[in-house]
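Please have the sequence and the model open as you read.

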Amino acid sequence: MARAALSGVLILVGATAAVSPAAAKGGPVGGSGNDYYLSSSGVPDLALTYGRHDDEVFVGDWDGDGTDTLAIRRGATFHVRNALDGGPADVAFTYGRAGDVVLVGDWDGDG
């Protein structure tokens, strides 16, 4: 069972005198399985099953509604669910190659 804590993401942006290179971390949430226990306080608030046991899982606000939800990658195909529950993907698309590093972010700054 994968145990992923979904408590939000904090991004700090500051002005500095020197310009430093951009840094980002890619990769799946981690764990194994397709059962998720989501928490905002350390105690599971929600349990759900999504995807298959060997899928990679990513967390983000895929539809811009202010709520992070799950997306899974199976090979080079992503399956995005815009609700915190099990069920079919709202959107599925193929992008890149199966071994590519995935970076999640708001690349155009529109929230």
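F58 has a relative accessible area of 4% in this predicted model, so F58 is buried, the cut-off being under 20%. F78 also counts as buried, at 9% relative accessibility. F93 is partly exposed instead, with a relative accessible area of 37%.

How many aromatic pairs does the structure hold? There are two, and here they are side by side:

| Pair | Centre to centre | Angle between the planes | Arrangement |
|---|---|---|---|
| F58 and F78 | 6.4 Å | 50 degrees | tilted |
| F78 and F93 | 5.3 Å | 15 degrees | stacked |

Now for where these rings come from along the chain. F58 belongs to strand β3 (residues 56–60) and F78 to strand β5 (residues 77–80), so their pair ties together parts that are 20 residues apart in sequence.

Put together, ring pairs join F58, F78 and F93 into a cluster.

The protein has an average pLDDT of 77, and 72% of the residues score at least 70. Residues 1–22 have a pLDDT below 50, and in the model this stretch has 29 contacts beyond near neighbours in sequence.

Methods:
Residues numbered from 1 in each chain as written. Predicted model: local features only at pLDDT ≥ 70, side-chain atom pairs only at ≥ 80, totals over all residues. Heavy atoms only, no water. pLDDT = per-residue confidence, 0-100. Contact = heavy atoms within 4.5 Å. Phe/Tyr/Trp six-rings, centres within 6.5 Å; stacked < 30°, edge-to-face > 60°. Helix = DSSP H or I, 4+ residues; strand = E, 2+ residues; numbered from the N terminus. Buried < 20%, exposed > 50% of the residue type's maximum accessible area, 1.4 Å probe, protein only.
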